[in-house]
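Hi everyone, thanks for coming.

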Amino acid sequence: MEEHISWSDFAKIDMRVGTVIEVNDFPEARKPAYQVHIDFGEAIGVKKTSAQITLKYKKEDLVGLQVIAVVNFPKKQIANFMSECLILGAVNEKEVTLLQPTGKVTNGLKIS
């Protein structure tokens, strides 16, 4: 287990549900990845990210999928692409299984 955090530390992490609306190849990335655009609803809007999920997911299967992401990280430059959020997933070596709600929910709902 990693270092313990406080409840106030956890409260700083803004995790939201969003729907994948667009997925593109990302050949400029050092490791195989997609450029993913996610709709987090009216209050947050669309954010984009780079995701190393090519082993388990095809682009066409991701569109319409609801995912959970951290939306309050600072933007991060990855090759020629600006990542604005971080999709959460369970990592088993190089394979990532995305975390997602078990049923359809409103985009932008906060995870707590």
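Predicted model: local features only at pLDDT ≥ 70, side-chain atom pairs only at ≥ 80, totals over all residues.

Let's begin with the pairs. Side chains of opposite charge can pair when their charged atoms come close. In this structure there are 5 salt bridges, and I'll show you some of them.

Please find Arg16. Its side chain forms a salt bridge with the side chain of Asp14, at 2.6 Å from N to O. The two side chains are also joined by a polar contact of 2.6 Å. Are these two residues buried or exposed? Both Arg16 and Asp14 are buried. For Asp14, the relative accessible area is 16%, and it counts as buried because that is under the 20% cut-off.

Next, please look at Lys59 and Asp25. Their side chains meet in a salt bridge of 3.1 Å, N to O. This pair ties together distant parts of the chain, since Lys59 lies in helix H2 (residues 59-62) and Asp25 in strand S1, 34 residues apart. Lys59 is partly exposed, with 27% relative accessibility, and Asp25 is partly exposed too, with a relative accessible area of 47%.

Now for Lys75 and Glu84, whose side chains form a salt bridge at 3.9 Å, N to O.

Let's move to the loop. Asp14 sits in the loop between helix H1 (7-11) and strand S1 (15-25), and Lys12 has its place in the loop between H1 and S1 as well. Lys12 is exposed, at 57% relative accessibility; the cut-off for that word is over 50%. Where does Lys12 stand relative to Asn72? The two are 60 residues apart in sequence, with their C-alpha atoms 8.5 Å apart in space.

My last stop is the surface. Which residues gather in a patch of positive charge there? They are Arg30, Lys31, Lys76 and Lys94. Of this group, let me point out Lys76, which belongs to strand S5 (residues 76-78). Lys76 is exposed, with a relative accessible area of 55%.

That's my tour, and I'm happy to take questions.

Terms used:
Residues numbered from 1 in each chain as written. Heavy atoms only, no water. Patch = residues over 30% accessible without salt bridge, like charges linked within 9 Å, V, L, I, M, F, W, Y side chains within 5 Å. Areas by Shrake-Rupley, 256 points an atom, 1.4 Å probe, with all protein chains shown as cover. Salt bridge = Lys/Arg side-chain N within 4 Å of Asp/Glu carboxyl O. Lys, Arg positive; Asp, Glu negative; His and termini not counted. Charge placed at Lys NZ, Arg CZ, Asp CG, Glu CD. Helix = DSSP H or I, 4+ residues; strand = E, 2+ residues; numbered from the N terminus. Buried < 20%, exposed > 50% of the residue type's maximum accessible area, 1.4 Å probe, protein only. Polar contact = N/O pair within 3.5 Å; in protein donor to acceptor, adjacent residues only side chain to side chain.
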